[in-house]
Amino acid sequence: MTAIPLGVPRRLVEFTVDGQAARVPEGATILDACRAAGKDVPTLCQGDTLTPKNACRVCVVEVEGARTLVPACSRRAEAGMEVRTDTERARHSRKLVLELLASSVDLSTTPKAAEWIKEYEAKPDRFGPDAARLGEAPKVDNDLYVRDYDKCILCYKCVDACGDQWQNTFAISVTGRGFDARIAVEHDAPLTDSACVYCGNCIEVCPTGALSFKSEFDMRAAGTWDEAAQSETTTVCAYCGVGCNLTLHVQDNEIVKVTSPHDNPVTHGNLCIKGRFGYQHVQNRD
C-alpha cells in the first residue's frame with residue numbers, strides 16, 4: 001500500500017468571537033472563524049475560490065483595539081484577538097452599505113439580499129427616486145450568457161476570475177470612474193468582438209446575477225425560472241480527459257444551467273466553454 005504523505009500541521013490560533021473561544025488554523029480569516037462558530041456574517045464580494053478584494057464592505061466586524069471596522073473576509077485571525085460581529089457600530093455600517101447598494105443596484109436576484117435588508121432594517125428608498133442608477137438595458141449579444149450591469153455591484157470577482165487568478169484571458173476590466181464605473185470588455189465592444197473565450201467562470205463567481213446563463217435570463221423573463229423545482233446532479237464532463245466535475249441544474253427534465261463544485265481539486269469551480277455551455281446535445285430529442 002502506498003503511504004499518503006501528510007502535510008505539515010498548521011498551528012492553531014486562539015481568539016474570541018462574540019465572547020466565545022475560537023480556534024482556527026494559522027492563516028484563516030475572521031470570516032472563516034465566524035462561519036465555523038455558526039455566526040452569520042453577511043458577505044457579497046467574498047468568494048471561496050478567489051483572493052478577497054474587500055469591495056462590498058458588508059462583512060465588517062469590530063476588533064478590540066482597532067480604530068476602524070475591519071473586513072472579516074480578508075483580515076487574518078490573530079492570537080488573542082477579540083472580535084465582535086453584532087455590535088451597534090457594525091450593524092449600522094452594514095445597514096448603510098445595504099441601503100447604498102440597493103438604492104443604486106437591482107438586488108432582486110442577489111441571494112439573501114432581501115433577508116439582510118430586513119434584518120438590518122435598511123431603507124434604500126430614503127434616498128428617493130433620483131438615486132443614481134446605471135439604467136442600462138441588459139446586454140444580450142450572444143447565445144450563451146447575458147450581462148445585466150444594472151445588477152452589478154463592482155465587486156471585481158468576474159475581473160479576477162477572467163484575469164490572473166484563474167482564466168488569464170483578461171477580456172474584461174473596470175472602465176470609467178465614479179458613477180460611470182462599470183465592467184466592460186476592451187473598447188466596450190460586443191462580447192462577440194472581444195477576447196472572451198466563453199468559459200463562463202465569471203458567471204460562476206458573480207454574486208448578484210449581473211452575469212447569467214441566457215437560458216436563466218429567458219426563463220426569468222418568462223416567469224418560469226423556479227430554483228425550488230430544480231434538481232442538481234454532479235457528473236464528470238465527457239468532452240476530454242481532464243475529468244472536470246459538472247453539476248447539472250435540471251428543471252422540467254431540461255438542463256437549465258451548469259456549474260462546477262468549488263471544492264473539486266480538478267476544477268475549483270472553473271470550466272471551459274464545452275463543460276459550461278455544451279450540454280444541448282444531451283437533451284436533443286430530434
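Trainee: Why is His-268 called partly exposed?
Mentor: Bearing in mind that this is a predicted model, His-268 has a relative accessibility of 32%, and because the partly exposed class lies between under 20% for buried and over 50% for exposed, His-268 counts as partly exposed. His-268 lies in the loop between β12 (254-259) and α7 (273-277), and its phi is near 50°, a positive value in a residue other than glycine.

Trainee: What makes Asp-188 count as partly exposed, and where is it found?
Mentor: Its relative accessibility is 33%, so Asp-188 counts as partly exposed, and it is found in the loop between β8 (182-185) and α5 (201-205). Asp-188 too has a positive phi, of about 55°, although it is not a glycine.

Trainee: What makes the contact between Glu-136 and Lys-139 a salt bridge?
Mentor: The side chains of Glu-136 and Lys-139 meet at 3.7 Å, N to O, and the cut-off is within 4 Å, so the pair is called a salt bridge. Salt bridges that share partners join Glu-136, Lys-139, Arg-182 and Asp-188 into one network.

Trainee: How do you know that Lys-53 and Asp-160 form a salt bridge?
Mentor: Their closest N and O atoms are 3.3 Å apart, and that value is set against the cut-off of within 4 Å. At 39% relative accessibility Lys-53 counts as partly exposed, whereas Asp-160, with a relative accessible area of 7%, is buried.

Trainee: Why is Arg-23 called exposed while Glu-14 is called partly exposed?
Mentor: Arg-23 has a relative accessible area of 55%, and exposed means over 50%; Glu-14, at 47% relative accessibility, therefore counts as partly exposed. Glu-14 and Arg-23 form a salt bridge, with their closest N and O atoms 3.3 Å apart, and a search of the whole structure finds 20 salt bridges.

Trainee: How do you know that the length of helix α2 agrees with its number of residues?
Mentor: At 1.5 Å a residue, the 17 residues of α2 (residues 88-104) should span 24 Å, and because the end C-alpha atoms are 25 Å apart, the two values agree. Among the buried residues of α2 are Ala-90, Arg-94, Val-97 and Leu-101, and what covers the buried residues of this helix includes β3 (60-63) and α3 (113-119).

Trainee: What makes Leu-100 partly exposed?
Mentor: Leu-100, whose place is in helix α2, has a relative accessible area of 43%, so it is partly exposed. Together with Leu-96 and Phe-127, Leu-100 forms a nonpolar patch on the surface, with about 230 Å² of accessible area together.

Trainee: How do you know that the radius of gyration of the chain agrees with a compact globule?
Mentor: With 286 residues, a compact globule would have a radius of gyration near 19 Å, and the chain has 21 Å, which agrees. Along its principal axes the C-alpha trace spans about 70 × 65 × 40 Å, and buried residues make up 47% of the 286 residues.

How values were computed
Residues numbered from 1 in each chain as written. Predicted model: local features only at pLDDT ≥ 70, side-chain atom pairs only at ≥ 80, totals over all residues. Heavy atoms only, no water. Helix = DSSP H or I, 4+ residues; strand = E, 2+ residues; numbered from the N terminus. Expected span 1.5 Å × (residues − 1). Buried < 20%, exposed > 50% of the residue type's maximum accessible area, 1.4 Å probe, protein only. Contact = heavy atoms within 4.5 Å. Patch = residues over 30% accessible without salt bridge, like charges linked within 9 Å, V, L, I, M, F, W, Y side chains within 5 Å. Areas by Shrake-Rupley, 256 points an atom, 1.4 Å probe, with all protein chains shown as cover. Rg over C-alpha atoms; globule rule 2.2 N^0.38 Å.
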